[in-house]
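Q: Can you walk me through this one? I'd like to start with what counts as touching.

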Amino acid sequence: MARVTQEHLDARRRQILDGAASCFARNGFHATSMQDVLKEVDLSAGAVYRYFSGKEELIAAVVTEVLDTVRGILERAARESPPPTPDVLIPRALARLREQRPAALDDGTWMFPRLMIQVWTETTRSPELAAVLGEGYRKVRTAWGEVVESYRDAGLLPADTDADAMARTMIALVQGYAAQMALFGGISEQTLGDGLRALMSVGRTARGA
């Protein structure tokens with residue numbers, strides 16, 4: 001019997017995660033059964049259960065992967081010199097997330113924002129998922145704090161800037177972007193960057209006069 005390679009195992013896991021994410025984004029967590037996932041990925045129950053014990057574990061894996069991707073983007077940005085300002089960094093992070101997880105629904109809608117809405121709703125009834133999301137949020141918040149620290153080190157922010165307050169605000173901005181995309185659509189990463197630049201320029205003209 002030929003030995004199954006790690007590359008094959010990783011590709012199969014990726015196939016299952018992408019298929020599950022498509023089902024969740026399309027129909028929601030409650031309306032999606034494991035049978036729906038099996039049909040989506042065209043695999044047997046044994047093949048899927050080899051990787052995931054059930055729907056709850058699949059949901060947690062999808063959430064963890066997205067948050068880990070965001071955290072990695074932020075940690076790399078914090079090491080840049082000079083660090084990218086929020087109007088550059090946030091659209092860049094969203095664009096990279098779209099590139100890394102490009103899956104879309106049948107109508108071409110990027111599934112990530114809809115998944116975020118689903119996750120927020122599910123955490124109100126699932127303590128296990130709430131714990132996963134809370135831990136991921138803590139790590140992303142820490143990574144944002146490192147970005148803010150890099151701004152202070154580069155002289156882009158006053159030394160007494162509240163790093164955690166700014167980190168929470170930037171997270172809220174991304175969450176708001178996801179909510180708008182999921183509910184109404186029509187907002188691009190470029191639009192978000194343009195709006196951020198406008199906000200960051202408030203008061204500059206008056207001070208420079």
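A: Contact means heavy atoms within 4.5 Å. This is a predicted model: local features need pLDDT of at least 70, side-chain atom pairs count only at pLDDT 80 or more, and totals for chains, interfaces and linings use all residues. Residues are numbered from 1 along each chain as its sequence is written, and side-chain values use heavy atoms, with hydrogens and water left out.

Q: OK, which residues does L58 touch?
A: I16, L17, A20, F24, M34, V37 and F52. Residues up to four places away in sequence are not counted.

Q: Which residues touch the most other members of the largest nonpolar core?
A: L58, I90 and W144, out of 57 residues. A nonpolar core is a set of buried (under 20% relative accessible area, 1.4 Å probe, protein chains only) Ala, Val, Leu, Ile, Met, Phe, Trp, Tyr and Cys residues joined through side-chain atoms within 4.5 Å.

Q: Which helix gives the largest share of this core?
A: Helix 4, residues 55–78, with 10 residues. Helices are DSSP runs (H or I, at least four residues), numbered from the N terminus.

Q: New topic. How do helix 1 and helix 2 cross?
A: At roughly 125 degrees, with axes coming within 9 Å. Axes are lines fitted to C-alpha atoms over the stretch in contact, and angles run from 0 to 180 degrees between N-to-C directions.

Q: Which residues of helix 2 make the contact?
A: D36, V37, E40 and V41. Helix 1 brings residues including Q15, I16 and A20.

Notes
Buried means under 20% relative accessible area, exposed over 50%, partly exposed in between (1.4 Å probe, protein chains only). Helices (H or I, at least four residues) and strands (E, at least two) are DSSP runs, numbered from the N terminus.
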